[in-house]
Amino acid sequence: APHPAIKRQVTQLRPQYDFIVAGGGTSGLTVANRLSEAFPQKTVLVVEYGDVEYAPGIFDPPLATWGGVGASASYFVVQSLPVPDAKNASAFVLAGKVVGGSSAINGMFFDRPSQYDMDAWSTVASSGLGSIHHRWDWNSMFPFFKKSVTFTAPPPAVAAQRGYTWDASVYGGSTPIYSSFPPFLWGDHNVVRNTWTDLGIPTLQECAGGKKDGKCWIPLSQHPVTARRSHAGLGHYLNATRPNYDLIVKHQVIRVVYPSGIESRPPLVEVRSLVDNTVFNITATAEVIVSAGVFHTPAILQRSGIGKASVLGAAGIPVVLDLPGVGSNFQDHSGSGISWNYSAPGNFTPLPSSMSNPAFLADATAGFDEIPARGPYTLAGSNSAIFVPLANITADYQTIVSRIKSIIDDGSAASYLPADYRSDSTMIAGYMQQLATIAKLLNDSRVPSLESTFATGTSVRAVNLHPMSRGTVRLNLADPLGVPTVSYGTGSNPIDFDVYLAHSRYLRRMLNTTTLQSFGAVEVNPGASVQTDAALIDYIQRTMTLSFMHPCCTAAMMPKNKGGVIGPNLKVHGAAGLRVVDMSILPFLPSSHLSALAYAVGEKAADIIIRDW
Ligand SMILES: Cc1cc2nc3c(=O)[nH]c(=O)nc-3n(C[C@H](O)[C@H](O)[C@H](O)COP(=O)(O)OP(=O)(O)OC[C@H]3O[C@@H](n4cnc5c(N)ncnc54)[C@H](O)[C@@H]3O)c2cc1C
């Protein structure tokens, strides 16, 4: 049956709470659930901007959904400033605005970073080893990845029919956040998987165990029997009824306020009702945890006077704590693709076009309500992907790595940063360290640089997994309580274009494989006339997807003298009783989508906070 709506929510607040979580999204609800579970005598309040909603899967039958992209009240729509290196196009990106946050609206692709991503994160996150419980390397995080989801293997018949493989030992959690394989694939699915094999990409049994340099089956965040979306609102709130766990919806955290100094007690939380616009404070006696997501977490901090002094000054906000990294260091996954036509197509059935056949559509709709669910609606966007290291993409990979090293050595790397980022020496120091770390990742033949997913159709895109360009998230001066002003900066570091070029040329090699040639594949885009580097760069700039909906890194975990906002214990540098727990905390993007990481970060954060209290 479809999900029940999440009805339970408070209307009458207590006089004060021990913990207040600002934002009821993926990481925020994970933390809140664990804190309320660990401390029955302490109270936890989640303040959520959005409402409780039915959260359909990405491809549920239309009648069950809430209207599709653009029509929903359940997400913020973010349109970036024009991106100069993408012919002034704007990035279009969504962010969840509902109990469950982005986990309730995302594409349900449920992969994990590689172990090398996590190890690289931990090297830039802190200046020393610190407490064993504050480490973010793969070995420290793996138990939290395991704990954060319940994986269910597909029935043997489905596994045999689809060729699914997995390794149960990398899972093992019992949290009601579900990870499973859909029983359905489109008829042309294996064409592209076979093409990937033709390219020499190794087939991996499992990609969630730290190594993912190959061809992967990726589970989806959905229930193994009903195939309904699994998300934080259901798993970490609806299924966690406790008298000490409150959630209030349709309220915006405006800012945090330190009435008696930023280094003394936890701040008050200033909240605005979105129903009647009243503004009031809520007291947290232990901690405030900001989990409002990559765009709104820095907005809350900036409205609180915590941020870069010049940015706060421009917004007329008195500086409470000069922390230049707030809202800086913004990143997202981006990349362009190829498309083709078949001149001798195979008998690929079914295809999405089959849905225009009334009998097929009726069966698909009926199948989705069967137990277990079956048919096309059980498949979200895609559950198949390749992750390819740069060393396997281009023989010139070491030239790219050398170029990164040379712009670090001669200092010119800083010139590619946004002006209000490069005006701060700590931010530059942190960026240089990030670049050096990314150079190491790109030089390592075990670390993916390109991701490409496939479900059906005649096109694929390349995702640049470790971009070097940086943007910013700043308060919207015309509407400080609204969606912030987002500057993407995609491709502003020209070495990203070396990577985009290599990725594009690599994808084009698919067209010459035995498999695609056997169906008479003919390249449509970029097209035969696009051959020189200049022509291909022009194509990439014109057609690039600027956001694969993985924004991150706006309150990065790095030392303060490297432009960081939080330490490895998640505490905001220099502020008492204030932590950040969401995808803002990454120093740079990993080789993965972000929801599995957001849950694991929530679990790890809860572990740290529970130990502290
Ligand atoms: C359309 C889309 C598709 C995606 N597809 C995938 C995918 O297929 N696979 C994958 O792994 N990842 C995907 N992602 C990314 C992933 O879902 C997110 O990175 C992750 O869920 C973010 O978690 P979070 O905890 O940082 O923030 P969120 O889960 O976004 O939570 C932030 C919460 O804070 C609330 N909030 C904001 N401002 C305030 C305020 N001032 N006061 C109170 N509350 C506030 C929001 O309403 C929201 O509920 C996708 C994301 C999107 C948007």
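Modeller: Strands here are DSSP runs of E with at least two residues, and helices are H or I runs of at least four, numbered from the N terminus. The model is predicted.

Colleague: Fine. Where does Lys-250 sit, then?

Modeller: Lys-250 is in the loop between strand S8 (245-248) and S9, and S9 covers 251-257.

Colleague: What is its phi?

Modeller: Lys-250 has a positive phi of about 55 degrees, although it is not a glycine.

Colleague: Is Lys-250 exposed or partly exposed?

Modeller: Lys-250 has 16 other C-beta atoms within 10 Å, so it is partly exposed. The exposed class stops at 12 or fewer, and buried starts at 20 or more.

Colleague: Which loop holds Asn-277?

Modeller: The one between strand S10 (268-273) and strand S11 (279-290). Asn-277 is not a glycine, yet its phi is positive, at about 70 degrees. It counts as exposed because it has 8 C-beta neighbours inside 10 Å.

Colleague: Switching to prolines. Which peptide bond has omega near -10 degrees?

Modeller: The bond from Thr-349 to Pro-350, which is cis. Pro-350 is in the loop between strand S14 (337-342) and helix H9 (358-368).

Colleague: And what joins Asn-525 and Pro-526?

Modeller: A cis peptide bond, with omega about 5 degrees. Pro-526 belongs to the loop between strand S21 (521-525) and helix H15 (533-543).

Colleague: Now the ligand. Which residues come nearest?

Modeller: Gly-23, Gly-25, Gly-101, Gly-107 and His-593, out of 41 residues around the ligand.

Colleague: What classes make up that shell?

Modeller: The shell has 20 polar, 18 nonpolar and three charged residues.

Colleague: Which elements supply at least two residues of it?

Modeller: Helix H1 (26-38), strand S4 (92-96), strand S9 (251-257), helix H7 (293-303) and helix H16 (595-612).

Colleague: How many residues are in the largest nonpolar core?

Modeller: There are 168. Ile-20, Ala-22, Val-269 and Ile-585 have the most contacts inside this core. H16 gives the largest share of the core, nine residues.

Colleague: What does Ala-22 contact, leaving aside neighbours within four places in sequence?

Modeller: Val-47, Val-253, Val-269, Ile-300 and the run Val-288, Ile-289, Val-290, Ser-291 and Ala-292.

Colleague: And what does the second core include?

Modeller: That separate core has five residues, including Ala-227, Phe-368, Ala-373 and Tyr-377.

Methods: Residues are numbered from 1 along each chain as its sequence is written. This is a predicted model: local features need pLDDT of at least 70, side-chain atom pairs count only at pLDDT 80 or more; totals for chains, interfaces and linings use all residues. A residue is near a molecule or strand if its C-beta atom, placed from the backbone, lies within 6 Å of it. Ala, Val, Leu, Ile, Met, Phe, Trp, Tyr, Cys and Pro count as nonpolar, Asp, Glu, Lys and Arg as charged, and the others, Gly among them, as polar. A nonpolar core is a set of buried Ala, Val, Leu, Ile, Met, Phe, Trp, Tyr and Cys residues joined through C-beta atoms within 7 Å. Two residues are in contact if their C-beta atoms, placed from the backbone, lie within 7 Å.
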